[in-house]
Amino acid sequence: MNEILEPIKKLGIKKLMIMAGAGVAVIVAILIATLTAGNGSHAPLYTNLSLEDSQRIVTELESRAVPYSLGANGTQILVPAEQIMRLRMVFAEQGLPSTEGATIGYEIFDKSDKLGTSSFVQNMNQLRALEGELARTIASINQVKSARVHLVIPKRELFKKDRNVPTASIQISMNGSEKLSGGEVAAVRYLVATAVPGLNVENITVIDDRGLLLARGGEDENDPAMFASNAQEYKTGYENKVRLRIEELLEKFVGMGNVKAQVSAEIDFDRVVTNSETYDPEGQVARSIQTTEESETSAGGAGGNVSVANNLPDGSAGAGGGGGDKREKIDEVTNYEISKTVKNHVSETGKVNKLSIAVLIDGIYETDEESGEIAYKERDEAELNKLEELIKSAVGFDEERGDSLEITNLPFSPDFGGYQAEGMLDWLKQDLQSVVQILVMGLVAILVVMMVVRPLVKRALEINLQHDDFEADQPQLLTGPGGAMMRIPGGIEGGGESGGFLGGGDEESEGLAALTGLKNRSKPSSIKKMNEIIDQNPNDALTALRLWMYGENI
């Protein structure tokens, strides 16, 4: 340890402070570069570009010698942050990027050649403009990334009674994992239907970018397959609505994730039409009265026998005569109107016949202050009864139609909910990105110390050792076998006693003295110095080795 600290002490405070400051500066610079890596001074100029717009913008940037970089598979362009606003103004003047990517709206008529344009081209441009405007409107919804609209508007033919109805297809691309709700899909369908003359909502099909069917169009409402699909969707939606209502209500009391509910509904999808006529005999009203009167009068005939005299015009009447007959007849007809009630009753589908609800509630977890163990405790029966009454009021529970409700209090599995003891590595999962950044910065700091600071310190120590002068008047000693010390006459300057190993010349004494000054040094600089001395005085070195080998002393 002293061998390490001693050279450092010899460097002095000034050198140590300079080296420490340089190391800290290098580490701080690398950390700043690491934290700002990937960001740089570039910022997005445009994102979600079409490849056509990206190519045109890149060409313009290259012509202006503006540095740029591409991202997101060519749909994002990054430029220096201080030039973003100026470049956007320049590209806006050139119409870049094209509005909503490659979508074309009514601006298609701004640059059209009105002379020599056929009616077919005008109709196609009008259809393209209508599709583009509808696509832009749909893309303005928050969750929607982009949209495409395809319209099929049949041409109306003369002298044809039946006409084909228009149809539409819509493809919607969502942002990330966003999804449109049923109400939002219906809103999109009604939006398109009201913008196109003669288009019905039932004739619009909507799909998403994953190929999932959001709304089916172009089918008969009375189709059994379509009716069954709609019935299943309605049943599932109703069950989910009731389930979410129960969970949101109970979570306010038992805590988030401590309640799970399942709902099964029996729904009657039969559509019943009832026509009835009811007559009320008490409610008679005379509508019309018809009266006919007849009167008839006839004279009485002569009595007696029938003879010629009685029948002659001038004949005398027989003795005795009868009186005349008179008859009267009155007919009266009265027409009555009886009150009648006609009733048409239509029972639509979706009537709930029965509800079956199952609710699972987690218990209470208590921690022992002394042992630190977590104990599970069931909820009180009175508490569960209150929750049961609360659920019945929330879902419209009806015992007469056979509804059932079951509430169970059981401990939840730690993998799915309830109380979860925090593990030792939970903080690592939550702050994984921060941990990775710290590790990277630590690794960079270690590399800086090993590759920059350490070589500087090592070099400074070597320079200090090379300039360390040997003491001139110190006796020159070499260690022999068994630790015996061998005295070598002569000093480093060659001015000591005459004589040496072989005749005691000054040159030989100087070489041996240099060897003696390297005693107990094993640093690389000492070894290098010894090699130089041996190269300069090979005879002295050979003599010293022989004396050590034979154990001879001087």
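Here are some questions and answers on a predicted model.

Residues are numbered from 1 along each chain as its sequence is written. In this predicted model, local features need pLDDT of at least 70, side-chain atom pairs count only at pLDDT 80 or more, and totals for chains, interfaces and linings use all residues, while side-chain values use heavy atoms, with hydrogens and water left out.

Me: How far apart are the end C-alpha atoms of helix α5?
Reply: Helices here are DSSP runs of H or I, at least four residues, and strands are runs of E, at least two, numbered from the N terminus. The expected span is 1.5 Å times one less than the number of residues. For the 21 residues of α5 (119–139) that should give 30 Å, and the end C-alpha atoms agree, being apart by 30 Å.

Me: Is S173 buried or exposed?
Reply: S173 sits in strand β5. Buried means under 20% relative accessible area, exposed over 50%, and partly exposed in between (1.4 Å probe, protein chains only). S173 has 13%, so it counts as buried.

Me: Which residues is S173 in contact with, leaving aside its neighbours within four places in sequence?
Reply: Contact means heavy atoms within 4.5 Å. With those neighbours set aside, the list is V144, K145, S146 and D209.

Me: Which residue in β14 does S356 stand opposite?
Reply: Strands β11 (351–361) and β14 pair in the parallel sense over 6 bridges; pairing takes at least two bridges found by DSSP. On β14 (404–409), the uncovered face holds S404, E406 and T408. The residue opposite S356 is S404.
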